[in-house]
Amino acid sequence: MPITLRKVAEAAGVSVSVASRALNGHAKSYRISQGTEERVKHTARQLGFRPNQPARALRLQKTGLIGVVVPDLANPFFASISRAVTLAAESEDYCVIVGDSREDTRHEIRLLKQLQDRQVEALVVCPVGQQYRHLLEIQQHGTPIVLADRTFPHVELTQVTSQHQRGAEKAMRLLTSHGHRVIGVLQGLPGTLPNTQRLQGHRAGLKRVGIAIDPTLIAGHNFNESSGYQATRALLTQRPDITALFALSTPNAMGGLRAAQEMGRKVAQDLSLIAFDDSPYADLMQVPLTTVCQDVEQIGQLAASLIMQALPPHLPPSITRHDVQVRVIQRDSITKVFHS
């Protein structure tokens, strides 16, 4: 039989209300002596008492739960954000429930509803990034929410993302400075902010050096490895004169590497490659991968800090947008092209 609060109170020689206040940290507020408080806590430990969490949550209107939803937990980028929020929450005695929307807005909406049904006190969401009305509704119903990565310009929500356009411009500057003129793009999920802004940066970078924009050099439909693989095969088949690939995510780049290898194209020898995002293993690859590095640790920590500030008794997060800086890490996957 589970040990109840009443049994703890009887064993400690106090009333149930005194035992409850002592165990919930309210002894001083109710002028319960330190000796009584310590006796109740010692008795609870000896008996192996564990609070009934659902009942406690109902009584205190506080569940101690924070929800995190990301599009792809297998992607190290989103795993890092989830970890940052989890560590921040645990430091404040909160527990995190993490959900994977699998790049599907309908599933994202279902997950968020399930988390709200569990009465999470706040949410950090890395959205699929194609719809946002359901996210606005969450905030309007009073649940603090912070968006990370795939955010929405001009939407009144607290958001943390990277300087996607500037990073893509830097990537193009690096490739064109090495003589590349025919550059294939392995894009991510169309309609999302990172994809849109990275393509804007790609176009701006080419325009800067007078290279015409060629839409046929852009392929792909998602930020995953499969899309990168399919896009690379299509591009290199249709345009064998491509000398460089710009992958808009690390998984896209991994798929591109596999496809290029199958087609007899060797990275760094006759095909350069740069990826948006970075990976802990990028510099350990057979040909170390050049990347536009997002500061995923800062993104995660900032999102975590903003959501923790919003928890009671704090105020909801102010409606702000945070754009975290990016940097290019040049490794061996880009080489010069010499034109005759």
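## Salt bridges in the model

A salt bridge is a side-chain nitrogen of Lys or Arg within 4 Å of a carboxyl oxygen of Asp or Glu. Side chains of opposite charge can pair when their charged atoms come close. The structure holds 12 salt bridges.

This is a predicted model, in which local features need pLDDT of at least 70 and side-chain atom pairs count only at pLDDT 80 or more, while totals for chains, interfaces and linings use all residues. Residues are numbered from 1 along each chain as its sequence is written, and side-chain values use heavy atoms, with hydrogens and water left out.

Arg 150 forms a salt bridge with Glu 103, at 2.7 Å from N to O. Arg 150 lies in the loop between strand E4 (145–148) and strand E5 (158–162), and Glu 103 in the loop between strand E2 (95–100) and helix H6 (105–117), so the pair ties together parts that are 47 residues apart in sequence. Helices (H or I, at least four residues) and strands (E, at least two) are DSSP runs, numbered from the N terminus.

Arg 150 is buried, with a relative accessible area of 2%. Buried means under 20% relative accessible area, exposed over 50%, and partly exposed in between (1.4 Å probe, protein chains only).

## Arg 331 and Asp 278

In the salt bridge between Arg 331 and Asp 278, the closest N and O atoms are 3.3 Å apart. This pair links distant parts of the chain, 53 residues apart: Arg 331 is in the segment after strand E12 (326–329), and Asp 278 is in the loop between strand E9 (272–276) and strand E10 (290–294). Arg 331 is buried at 16%, whereas Asp 278 is partly exposed at 26%.
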